[in-house]
Amino acid sequence: MRNRVRERRTQRGLSQAELAAALGVSRQTVISIESGRYLPSLPLAFAIARFFDLPVDKMFDPDDEEADT
Amino acid sequence: MMSFIRPRWRRPALMILAGAAFAAAWGVRGGPHWSLWATLFGVAALVRALWIYLLAGEDADAGALAGSRADERQKVLNLRSWAMSGRLGMIAAFIGLTVAVAVKASWWWPFLAILAVTGAGYVLGIAVYQTRSGE
């Protein structure tokens, strides 16, 4: 599943650590989500989408399969 | 249960508690060198507790787990690690039991006990966490 987390984060000029702090997760989790290695839970996916003012289905694209979790 | 202890101290505290209990067991056992073994295991527990405390300061998954501040992905990682640990424990216990039976050893029963406890734990886990129809 492809996502636009890295793209949106860099657009806002945020570091991975700053985004992690805003979402209440670790920097390693932001790295894992951005690289597609970890699919976040629904609450975290919604929190990410809300943070970037995007609908969750625009933030995460279910048609593109990349992640293994 | 341990929420009155600061997150970073929780696992080290558990280590110290376990080390103290094991050292006390040597005291109860007695014998000529009980104090030596009790001190040895007590110091080993303290060193391990210190190592976990220091690890908890690391900006890494292992640090988050050691410091009891894991997020959802790190909790999944923790669960997977425990699952692997349980599987390996069961496999080791099965091999131990098989070897013990084959060589007619008298020490077969601890392996059977470990297999029984881990197997029962798995069944209990399914019973507790499964979703029943009608829920």
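Guide: Let us begin with a crossing in chain A. In this predicted model, H2(A) passes H4(A) in a right-handed crossing. The axes of helix H2 (residues 16-23) of chain A and helix H4 (residues 42-51) of chain A cross at roughly 115° and come within 10 Å.

Visitor: Which residues of H2(A) and H4(A) make the contact?

Guide: On the side of H2(A) they are A:Leu19, A:Ala22 and A:Leu23, and H4(A) contributes A:Leu44, A:Ala47, A:Ile48 and A:Phe51. Sorted by class, the contact of H2(A) with H4(A) has seven nonpolar residues, no polar ones and no charged ones.

Visitor: At what angle do the axes of helix H4 and helix H5 of chain B cross?

Guide: Helix H4 (residues 72-102) of chain B and helix H5 (residues 109-129) of chain B have axes that cross at roughly 150° and come within 8 Å. The crossing of these two helices, H4(B) and H5(B), is left-handed. H4(B) makes the contact through B:Met90, B:Ala93, B:Phe94, B:Gly96, B:Leu97 and B:Ala100. Facing them from H5(B) are B:Phe111, B:Leu112, B:Ile114, B:Leu115, B:Thr118 and B:Gly119.

Visitor: How many nonpolar, polar and charged residues does the contact of H4(B) with H5(B) have?

Guide: There are nine nonpolar and three polar residues in that contact, and no charged residues.

Visitor: Let us turn to the interface. How is its size expressed, and what is the area buried between chain A and chain B?

Guide: The size of an interface is often given as the accessible area lost when the parts come together. Between chain A and chain B about 750 Å² is buried, with carbon and sulfur atoms giving 39% of that area. A:Gln28, A:Thr29 and A:Tyr38 supply 53% of the area that chain A buries against chain B, more than any other three residues. In terms of residues, 11 from chain A are in contact with eight from chain B.

Visitor: Which side chains meet in a salt bridge?

Guide: The rule finds one salt bridge across the interface of chain A and chain B. The side chains of A:Arg27 and B:Asp59 meet in a salt bridge, at 2.9 Å from N to O. Polar contacts are counted separately: eight residue pairs, both members at pLDDT 80 or more, are in polar contact between chain A and chain B.

Visitor: Which helix gives the most to the side of chain A that touches chain B?

Guide: Helix H3 (residues 27-34) of chain A does, with four residues. By class, that side of chain A has six polar, four nonpolar and one charged residues.

Definitions and conventions. Residues numbered from 1 in each chain as written. Chains lettered and ligands numbered in written order. Predicted model: local features only at pLDDT ≥ 70, side-chain atom pairs only at ≥ 80, totals over all residues. Heavy atoms only, no water. Axes fitted to C-alpha atoms, helices over the stretch in contact; angles between N-to-C directions. Left-handed = near helix turned anticlockwise from the far one by under 90°. Contact = heavy atoms within 4.5 Å. Nonpolar A, V, L, I, M, F, W, Y, C, P; charged D, E, K, R; others polar. Buried area = accessible area lost by both parts, 1.4 Å probe. Salt bridge = Lys/Arg side-chain N within 4 Å of Asp/Glu carboxyl O. Polar contact = N/O pair within 3.5 Å; in protein donor to acceptor, adjacent residues only side chain to side chain.
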